[in-house]
Amino acid sequence: HRANMQFGLDWRAIPETYTGQGATCNINGAGIFTTMPYHFLITCIDSAAGRRRIHRELLGSAQPMAHYWIDTGNENYTGQVILGQISGRHKSLSGPRPLPTVAEMFPDHFDEFAEESAAPSCSLAEALDHQDLYINDEVARKAAGLLWSLVKDGRTKNVGWIVNLV
């Protein structure tokens, strides 16, 4: 909301399960509904299987439904925020290289045979017994700062963060 007010934008956050189909938006409240690609897909997901599915869907279509993918995740005391570029991957190899996605930076997390974490979902109260109180907050702040620099400056000095609270 603050970015919209500051820059005269009309961005909408759509907190929903990712389906790979884009967002259905009512354009300017005019009753015209259209399916649009996401500009930024921000994932906060606990399971490796869920990340693999999203990665396959993002890269598997001829017209990706997201331009940028900001992946966030955390363990007990550590976390990551990674900005990857989805659009532009299907162009010729002579152009600028797109930003690597979290799957390219941490391929071991996307291994089909990787063991799923036994830790409870960070959305559950029991996660407080297994996670540092501030890890989710710190990862969210880093993701928000990354998004803010992209909106405010049209660029960012960092394409990700590794957070370690130990």
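Two strands are said to pair if DSSP finds at least two bridges between them, and helices (H or I, at least four residues) and strands (E, at least two) are themselves DSSP runs, numbered from the N terminus. With these terms, the bridge partner of Ile82 in strand β6 is Gly160. The structure is a predicted model, in which local features need pLDDT of at least 70 and side-chain atom pairs count only at pLDDT 80 or more, while totals for chains, interfaces and linings use all residues. Residues are numbered from 1 along each chain as its sequence is written, and side-chain values use heavy atoms, with hydrogens and water left out.

The chain contains 4 helices and 6 strands, and from the N terminus on these elements follow the order α-β-β-β-α-β-β-α-α-β. Of its 166 residues, 30% count as buried, a term for under 20% relative accessible area, with exposed meaning over 50% and partly exposed in between (1.4 Å probe, protein chains only). Among contacts (heavy atoms within 4.5 Å) in the chain with a separation of 6 or more, 56% come from residues 24 or more positions apart.

Strand β5, residues 78-85, is mostly covered, with 7 of its 8 residues buried, and β5 pairs with β6, residues 160-164, in the antiparallel sense over 5 bridges. Thr78 lies in β5, and Thr78 counts as partly exposed because its relative accessibility is 32%. Leaving aside neighbours within four places in sequence, Thr78 is in contact with Ile135, Val163 and Asn164.Helix α2, residues 48-60, has 13 residues and reaches 18 Å from its first C-alpha to its last, close to the expected 18 Å, where the expected span is 1.5 Å times one less than the number of residues. The buried residues of α2 are Ala48, Gly50, Arg51, Arg52, Ile54, His55 and Leu58. An α-helix has 3.6 residues a turn, so residues three or four places apart point the same way.

Val166, in the segment after β6, counts as exposed because its relative accessibility is 79%.
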